[in-house]
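Biologist: Please show me the chain. I would like to go through its charges and its rings one at a time.

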Amino acid sequence: MPRPRKPASPFRYFNSSPEVIRLVVLMYVRFPLSLRNVEDLLFERGIDICHETVRLWWNRFGPLFAGDIRRQRVSRMGRFRHWRWHLDEMYVKLNGEMVYLWRAVDHEGEVLERYVTRTRDKAAALAFMKKAPNLYGSPEAITTDGLRSYRAAMNELGNAEKQEVGRWANNRVENSHLPFRRRELAMQRFRQMKTLQKFASVHANVHNHFSLECHLIDRQTYRERRSAALAKWQALVS
């Protein structure tokens, strides 16, 4: 019986080591750094690469790492059904034009789904609200703001009884915008919807992976969780 073939490494065509590539993607996606900031920080560590190499690596490997993280999280989160989702849309400027980044966040602040549209009508809300349940199942309650597109979409989906609307009830998703806004400022905004959708997806999964709620746990537990998260990151696509 023939032995199963080992999957080809995604790093096989690159001269740099996988450790350096993972470090570059981590620095650029997780922290509010520009391409040239990452280049300068790596040079201080003795790694001489061009800022365009940073761009190439995050475009090439960012979705691979994010997909790996997402698959691991979905397999663990599939057991939980009694949870609350928070839905919201935020403005993002593309070449002077406003588009909308729809986001679904769970009750712990982890970003579940991201979706970019040019409008925020019923059709856009419906397309967005069909995506997340395919992976995570149906929540017990869905908290939204007063946008009527949510109500119209949920009436069509048949889950309008799960909607909750309150003045401060959606602060969880409003606060989760801040890390993305810091990255948007460092990148000097986006220029294409495709790039926005891609980066928002990668950034959300990396942020979830390293979001350890340090304000809720003691220092020793935080250090252990941070070390475990970093070890899992270093083993991605290995």
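Modeller: First a definition: patches are made of residues with over 30% relative accessible area and no salt bridge, like charges being joined within 9 Å and nonpolar side chains (Val, Leu, Ile, Met, Phe, Trp, Tyr) within 5 Å. This is a predicted model, in which local features need pLDDT of at least 70 and side-chain atom pairs count only at pLDDT 80 or more, while totals for chains, interfaces and linings use all residues. Residues are numbered from 1 along each chain as its sequence is written, and side-chain values use heavy atoms, with hydrogens and water left out.

Biologist: Which helix gives the largest share of the positive patch?

Modeller: Lys and Arg count as positive and Asp and Glu as negative, with His and the chain ends not counted. The patch is formed by Arg 30, Arg 219, Arg 223 and Arg 226. Helices (DSSP runs of H or I, at least four residues) and strands (E, at least two) are numbered from the N terminus. The largest share, 3 residues, comes from helix 10 (residues 219–234).

Biologist: Is Arg 226 buried, partly exposed or exposed?

Modeller: Buried means under 20% relative accessible area, exposed over 50%, and partly exposed in between (1.4 Å probe, protein chains only). Arg 226 lies in helix 10. Its relative accessible area is 35%, so Arg 226 is partly exposed.

Biologist: How many residues apart in sequence are the parts that Trp 58 and Phe 199 tie together?

Modeller: Rings of Phe, Tyr and Trp (its six-membered ring) pair if their centres lie within 6.5 Å; planes under 30 degrees apart count as stacked, over 60 as edge-to-face and the rest as tilted. By this rule there are 14 aromatic pairs. One of them joins Trp 58 and Phe 199, edge-to-face, at 5.2 Å centre to centre and 85 degrees between the planes. Trp 58 lies in helix 3 (residues 51–77) and Phe 199 in helix 9 (residues 193–210), so the parts tied together are 141 residues apart.

Biologist: Why does the pair of Phe 65 and Trp 233 count as edge-to-face?

Modeller: The ring centres of Phe 65 and Trp 233 are 5.3 Å apart. Their planes stand at 65 degrees, so the pair is edge-to-face.

Biologist: Which helices hold Phe 65 and Trp 233?

Modeller: Phe 65 is buried at 0% relative accessibility, and Trp 233 is buried at 1%. Ring pairs also link both into a cluster with Phe 11, Phe 14, Phe 61 and Phe 210. The pair ties together parts 168 residues apart in sequence, because Phe 65 lies in helix 3 and Trp 233 in helix 10.

Biologist: Where does Glu 110, the partner of Arg 73, lie?

Modeller: A salt bridge is a side-chain nitrogen of Lys or Arg within 4 Å of a carboxyl oxygen of Asp or Glu, and the structure holds 9 of them. In one of these, the closest N and O atoms of Arg 73 and Glu 110 are 2.4 Å apart. Both residues are buried. Arg 73 is in helix 3, whereas Glu 110 is in the loop between strand 2 (97–106) and strand 3 (111–117).

Methods
Accessible areas come from the Shrake-Rupley method with a 1.4 Å probe; for residues, only the protein chains shown count as cover. The place of a charge is taken as NZ of Lys, CZ of Arg, CG of Asp or CD of Glu.
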